[in-house]
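Here is a report on one protein chain. The sequence and the model come first, and the commentary follows.

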Amino acid sequence: MTTTNQLPPHLTPQGFDRLKEELTVLLYKERPKIVEIVSWAAGNGDRSENGDYIYGKRRLREIDRRVRFLSKRLDNAIVVDPKEQPQKNKVYFGATVTYVTEDDQEYTVTIVGVDEAITEQGQISLISPIAKALMNAKVGDEVKFLSPVGEKFLEILAIFYPS
């Protein structure tokens, strides 16, 4: 269930597949191993000082929490394939954008969903200040965004969508 303040998560097909794979690994590989360890440890008697039992139960709670989160995210996700973007001359979800900053630093980023953003790999969340500023812009446009050190300007050099 989503509230009016919270939109369903947008994901690329690759992001959806990554979350689905994580869910599968948790459910069918990691969780069964931990259940086996906890069962073995529980059979050893005093559980209050049994590290395997205590750690195992804690890890099971963490896994179950993540499984619930991933299940809800995947059920509510809106999968948007950038390949199907009809207007490839503007920046939308899934676009790879090359831009230059005021101090002539050039960057290339891909706008992806919140759950799949990996900044170190140039993948930024669609709710990040830069992504918000880039949305709906075209090559040659200068956009401004608010950074921690104040207002900054970017010029869009290229927009790419996978084909």
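## Helices α1 and α2

Helix α1 (13-42) is among what covers the buried residues of α2. This is a predicted model. The buried residues of α2 are Tyr 53, Gly 56, Arg 59, Leu 60, Ile 63, Val 67, Leu 70, Arg 73 and Leu 74. An α-helix has 3.6 residues a turn, so residues three or four places apart point the same way.

Helix α2 covers residues 51-76. At 1.5 Å a residue, its 26 residues should span 38 Å. The end C-alpha atoms are 38 Å apart, in agreement with that value.

## Overall layout

The chain holds 3 helices and 7 strands. Along the sequence they follow the pattern β-α-α-β-β-β-β-α-β-β. The radius of gyration is 22 Å, while the globule rule gives 15 Å for 163 residues, so the chain is more spread out than a compact globule. The C-alpha trace spans about 70 × 35 × 30 Å along its principal axes.

Buried residues make up 34% of the 163 residues. Take the contacts between residues at least 6 apart in sequence: 54% of them join residues at least 24 apart.

## The annotated C-terminal span

A UniProt annotation from an unreviewed entry covers residues 87-159.

Strand β3 is mostly covered, with 6 of its 6 residues buried. Both faces are covered. Thr 96, Thr 98 and Val 100 are buried on one side, and Val 97, Tyr 99 and Thr 101 are buried on the other.

Strand β3 pairs with β4 in the antiparallel sense over 5 bridges. Tyr 99 has Tyr 107 of β4 as its bridge partner. The two strands form a hairpin with 4 residues between them. In that turn, Asp 104 has a positive phi of about 60°. Strand β3 also runs antiparallel to β7, joined by 6 bridges. Here Thr 96 has Phe 160 of β7 as its bridge partner.

## Two residues of β3

Val 100 lies in strand β3. Val 100 counts as buried because its relative accessibility is 16%, below the 20% cut-off. Leaving aside neighbours within four places in sequence, Val 100 is in contact with Gln 105, Glu 106, Phe 153, Leu 154, Glu 155 and Leu 157. Asp 81 is 19 residues from Val 100 in sequence, and the two are 26 Å apart in space, C-alpha to C-alpha.

Thr 101 also lies in strand β3. Thr 101 is buried, with a relative accessible area of 16%. Not counting residues up to four places away in sequence, Thr 101 touches Tyr 107, Phe 153 and Leu 154.

Strand β6 (residues 142-147) has alternating side chains. Val 143, Phe 145 and Ser 147 point to one face and are buried.

Strand β7 covers residues 150-160 and runs antiparallel to β6, with 6 bridges joining the two. Glu 142 has Glu 155 of β7 as its bridge partner. The strands form a hairpin with 2 residues between them.

## Nonpolar cores

In soluble globular proteins, nonpolar side chains tend to be buried together. Which residues touch the most other members of the largest nonpolar core? They are Val 91, Leu 134 and Ile 156, in a core of 18 residues. The elements that give two or more residues to this core are β3 (96-101), β4 (106-112), α3 (129-134), β6 and β7.

Not counting residues up to four places away in sequence, Leu 134 touches Val 91, Val 97, Tyr 99, Val 109, Ile 111, Val 143, Leu 154 and Ile 156. A second, separate core has 14 residues. Its members include Leu 19, Leu 23, Val 67 and Leu 74.

Methods:
Residues are numbered from 1 along each chain as its sequence is written. This is a predicted model: local features need pLDDT of at least 70, side-chain atom pairs count only at pLDDT 80 or more; totals for chains, interfaces and linings use all residues. Side-chain values use heavy atoms; hydrogens and water are left out. Buried means under 20% relative accessible area, exposed over 50%, partly exposed in between (1.4 Å probe, protein chains only). Two strands pair if DSSP finds at least two bridges between them. A nonpolar core is a set of buried Ala, Val, Leu, Ile, Met, Phe, Trp, Tyr and Cys residues joined through side-chain atoms within 4.5 Å. Contact means heavy atoms within 4.5 Å. The expected span of a helix is 1.5 Å times one less than its number of residues. UniProt positions are given in the numbering used here, feature names are shortened, and annotations may be inferred rather than shown by experiment. The radius of gyration is taken over C-alpha atoms; the globule rule is 2.2 Å times the number of residues to the power 0.38.
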